[in-house]
Amino acid sequence: MFERIKRNTVEIITEEELKKVLEKDEKKAYIGFEPSGKIHLGHYLQIRKMQDLKEAGFDIIILLADLHAYLNEKGDLEDIRKIGEYNKKVFKAMGLDAEYIYGSEFQLEKDYTLDVYKLALKTTLKRARRSMEMIAREEENPKVAEVIYPIMQVNDIKYLDVDVAVGGLEQRKIHMLARELLEKKPICIHNPVLTGLDGIGKMSSSKGNYIAVDDEPEVIKEKVKKAYCPIGVVENNPILEIAKYFLNYPLIIKRPEKFGGDIEVGSYVELEEKFKNKEIHPLDLKNTVANELISLLEPIRKRLK
């Protein structure tokens, strides 16, 4: 089960601590999401890891971080809550059995607030700002909210009393702050951050460079068709990333007979090598990825209708 959890992660801090927690009868893992738009493949990658943890015996908490979204200027609280309900509906359609909690359900309590003040006394301004570099909106003149945000996230880990904190690699600095400040140090599982379809930065609903898990088949085909995928280029290639993290192997790449016919690859490593050597054309890879994604996401679309 440890290898299943480790699969497709960037790092686990620490692996030995995780192995010990796996032996416990009762254990909890959480991940937080700002309700701020469509649920896309980047979110789905994280949810699949939570499903791995669920199968390993963890109780799963999904934190719908409404106050964090507010601090990160994602809208007013009423609109954020509406998006949160949509997000919850999609996560449930993904088939994850979890406890869903809004941050505002406990983050406004007296004891929570007092602990935020205590953590603030232990955290330098520089450290808090550095923790938010990959999360906050880019501004020349940042708000004080940027330093409150990471301290609250550290406090969330304490109040939810979790053994494992999960997130994308952009969460690493905040998680390390939690391990430094909290008596019960969380095990941290960091997943890859998917590259946007434009090949620039991370996949994000605000940037429009994403595939939503409830996109219709024709929309998926069109988005994949337009995605960044230069022939032979592996680095920052979103189509290859999707093939790596979401497709099953062996995989059949369908090609016209005049171009050699279908080709089977036994693993992602083999697929990447053949693409790098220009043995597989971007159009053929895109067509295969689009069709596989449509099949993968079909159950989610059906549950949401």
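Biologist: Is Glu34 buried or exposed in this predicted model?

Modeller: The relative accessible area of Glu34 is 13%. Residues count as buried under 20%, so Glu34 is buried.

Biologist: Which residue meets the side chain of Glu34 in a salt bridge?

Modeller: The contact spans 2.6 Å from N to O. It links distant parts of the chain, 40 residues apart, with Glu34 in the loop between β2 and α3 and its partner in the loop between α4 and α5.

Biologist: Which residues do salt bridges that share partners join into one network?

Modeller: The structure holds 28 salt bridges. Those that share partners form one network, made of Arg4, Arg7, Lys49, Asp52 and Glu55.

Biologist: How many residues apart in sequence are the parts tied together by Arg172 and Glu11?

Modeller: The side chains of Arg172 and Glu11 meet in a salt bridge of 2.5 Å, N to O. Arg172 belongs to helix α9 and Glu11 to strand β1, so the parts that the pair ties together are separated in sequence by 161 residues.

Biologist: Are α11 and α13 parallel, perpendicular or oblique to each other?

Modeller: Helix α11 (residues 238-246) packs against helix α13 (residues 282-304) with the axes 10 Å apart and at an angle of about 45 degrees. Roughly parallel requires under 35 degrees and roughly perpendicular 65 to 115. The two helices, α11 and α13, are therefore oblique.

How values were computed
Residues numbered from 1 in each chain as written. Predicted model: local features only at pLDDT ≥ 70, side-chain atom pairs only at ≥ 80, totals over all residues. Heavy atoms only, no water. Axes fitted to C-alpha atoms, helices over the stretch in contact; angles between N-to-C directions. Helix = DSSP H or I, 4+ residues; strand = E, 2+ residues; numbered from the N terminus. Parallel < 35°, antiparallel > 145°, perpendicular 65-115°, else oblique. Salt bridge = Lys/Arg side-chain N within 4 Å of Asp/Glu carboxyl O. Buried < 20%, exposed > 50% of the residue type's maximum accessible area, 1.4 Å probe, protein only.
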